[in-house]
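Here is a walk through one structure, taken a piece at a time. Keep the viewer open and follow along.

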Amino acid sequence: MKLGSLEVWPPVVLAPMAGITNAPFRTLCREQGGGLFVCEMITTRALVERNAKTLKMIRFDPSEKPRSIQLYGVDPVTVGRAVRMIAEEDLADHVDLNFGCPVPKVTRRGGGSALPYKRNLLRAILREAVRNAGTLPVTMKMRKGIDDDHLTYLDAGRIAVEEGVSAIALHGRTAVQHYGGTADWQSIARLKEAVSEIPVLGNGDIWSAADAMRMMAETGCDGVVVGRGCLGRPWLFADLAAACENRRDGAGGTDDRESGGELARPTLGQVAATMERHATLLAECFGNEQHAVADFRKHVGWYLKGFTVGADLRRRLATSESLAGLRQGLAELDPAQPWPEGVDAPRGKTHPRDRVHLPAGWLDDPYEVVVPGADAELETSGG
Ligand SMILES: Cc1cc2nc3c(=O)[nH]c(=O)nc-3n(C[C@H](O)[C@H](O)[C@H](O)COP(=O)(O)O)c2cc1C
């Protein structure tokens with residue numbers, strides 16, 4: 001798969017996930033298989049203001065190639081300045097723009113997944129990003145629209161092609177769906193038909209390599225973006241790489257065993273070793289053990305999903321306050337316990353919303369040129 005001048009193989013992308021896809025988690029995923037591994041979302045205003053916390057988030061391991069940054073911004077000028085800074089200061093090899101965030105405090109101000117409704121604002125942001133990117137490929141990630149009555153993805157796709165974007169990732173849900181229901185893969189097929197000039201990446205509800213192969217077969221998309229399926233499960237990237245190789249050789253079906261050959265099925269002992277490594281890498285990255293162990297707590301349930309582990313030990317692991325405490329708990333796990341059946345099931349957020357909060361009159365004129373205030377970039381928590 002080609003994203004501008006970047007060759008990406010296998011055509012598999014780790015979805016940007018705020019609070020998750022930092023350098024330590026990306027390292028664990030990259031070790032399993034190739035692809036593109038996008039960092040946590042960075043807001044453009046904070047970047048151009050050289051906010052210290054934001055600059056710290058742009059951390060790549062020296063072995064990380066290509067380095068991929070996701071930006072979120074609402075003002076064409078600020079987005080352009082942020083992209084120029086990345087290009088001129090060689091901060092990354094690829095820039096993705098996030099237009100999928102469904103969080104009320106963001107959409108209420110016209111940001112995130114509310115933004116593509118304003119076609120001319122979207123166009124201006126993409127134009128400034130591409131114009132300032134030099135040779136870096138710029139891609140965009142979006143949802144289908146605000147709700148079923150206000151779909152925007154086909155217009156947004158055409159605008160992206162006209163403005164020189166290198167690829168488009170579509171999460172097959174509207175903003176109002178949040179993470180509820182199932183992703184509509186047909187919309188990915190429709191976008192692929194409408195936007196044949198550049199790669200289309202399908203996103204939503206890939207829980208196994210077989211799901212990824214099925215999405216590519218059913219929609220014709222050029223690659224896949226995997227988010228919640230790899231939470232607590234970096235091994236999924238080994239399955240995805242094997243399945244893509246198999247497919248290239250013409251041998252792959254959409255059944256897991258046909259599409260990927262041997263599947264990565266670590267024992268609980270191997271899972272525990274990865275958990276310890278993850279927490280240790282976080283401590284090195286943050287330079288603060290307590291912060292790292294606290295941040296790691298959210299991963300514990302995902303890593304242990306499906307395994308037989310007593311409630312008390314689970315609780316102790318999820319409330320550890322030091323690496324030593326975490327190690328002590330991990331040592332109590334049964335290392336020989338095999339990978340459980342039925343793990344290829346939804347994990348992470350799964351809830352819908354009842355409505356999308358928008359600025360007053362937002363839906364009145366899709367072509368109005370309006371730039372949301374700077375507060376549309378505050379406290380964003382992803383897509
Ligand atoms: C905890 C979390 C944080 C996320 N943060 C971002 C983000 O910063 N940027 C973005 O474009 N999408 C973000 N997303 C959305 C994912 O990238 C992805 O589009 C979504 O989870 C659907 O894919 P999946 O079904 O494979 O999980 C986030 C999702 C989750 C669960």
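This is a predicted model: local features need pLDDT of at least 70, side-chain atom pairs count only at pLDDT 80 or more; totals for chains, interfaces and linings use all residues.

Let's start with a helix pair.

As for handedness, H4 and H6 make a right-handed crossing.

Now move to helix H12 (residues 268-286) and helix H15 (residues 323-331), whose axes come within 10 Å and cross at roughly 175°. Anything over 145 degrees is called roughly antiparallel, and therefore H12 and H15 are roughly antiparallel to each other. From H12, the residues in this contact are Ala 272, Met 275, Glu 276, Ala 279, Thr 280 and Ala 283, and they meet Leu 323, Leu 326, Arg 327 and Leu 330 of H15. The class count for H12 with H15 is seven nonpolar, one polar and two charged.

One more helix pair is worth a look: H13 (residues 289-304) with H14 (residues 311-318). Their axes cross at roughly 145° and come within 8 Å. Here Arg 297, Val 300 and Leu 304 of H13 touch Arg 314, Leu 317 and Ala 318 of H14. That makes four nonpolar residues and two charged ones in the contact of H13 with H14, with no polar residue.

On to the ligand. Which residues are the closest to it? Of the 19 residues that surround the ligand, the closest are Gln 70, Lys 141, Asn 203, Asp 205 and Arg 228. Lys 141 uses its side chain, with a polar atom 2.8 Å from an oxygen atom of the ligand. The backbone gets involved too: an N or O atom of the Gly 227 backbone lies 2.8 Å from a ligand oxygen, and a backbone N or O atom of Pro 16 lies 2.9 Å from an oxygen atom of the ligand.

Finally, some backbone geometry to check in your viewer. Most peptide bonds are trans, and most residues other than glycine have a negative phi. Against that background, Trp 9 and Pro 10 are joined by a cis peptide bond with omega about -5°. Pro 10 is in the loop between strand S2 (6-7) and strand S3 (12-14). Another cis peptide bond links Lys 65 to Pro 66, with omega about -5°, and Pro 66 is placed in the loop between helix H3 (52-57) and strand S5 (68-72).

What about phi? His 178 has a positive phi, near 55°, and is a residue other than glycine. You'll find His 178 in the loop between strand S8 (167-171) and helix H8 (185-194).

Methods: Residues are numbered from 1 along each chain as its sequence is written. Side-chain values use heavy atoms; hydrogens and water are left out. A crossing is left-handed if the near helix is turned anticlockwise from the far one by less than a right angle, and right-handed if clockwise. Helices (H or I, at least four residues) and strands (E, at least two) are DSSP runs, numbered from the N terminus. A residue is near a molecule or strand if one of its heavy atoms lies within 4 Å of it. A polar contact is a pair of N or O atoms within 3.5 Å; within protein, one must be able to donate a hydrogen and the other to accept it, and residues adjacent in sequence count only if both atoms are side-chain atoms. Axes are lines fitted to C-alpha atoms, for helices over the stretch in contact, and angles run from 0 to 180 degrees between N-to-C directions. Contact means heavy atoms within 4.5 Å. Ala, Val, Leu, Ile, Met, Phe, Trp, Tyr, Cys and Pro count as nonpolar, Asp, Glu, Lys and Arg as charged, and the others, Gly among them, as polar. Angles under 35 degrees count as roughly parallel, over 145 as roughly antiparallel, 65 to 115 as roughly perpendicular and the rest as oblique.
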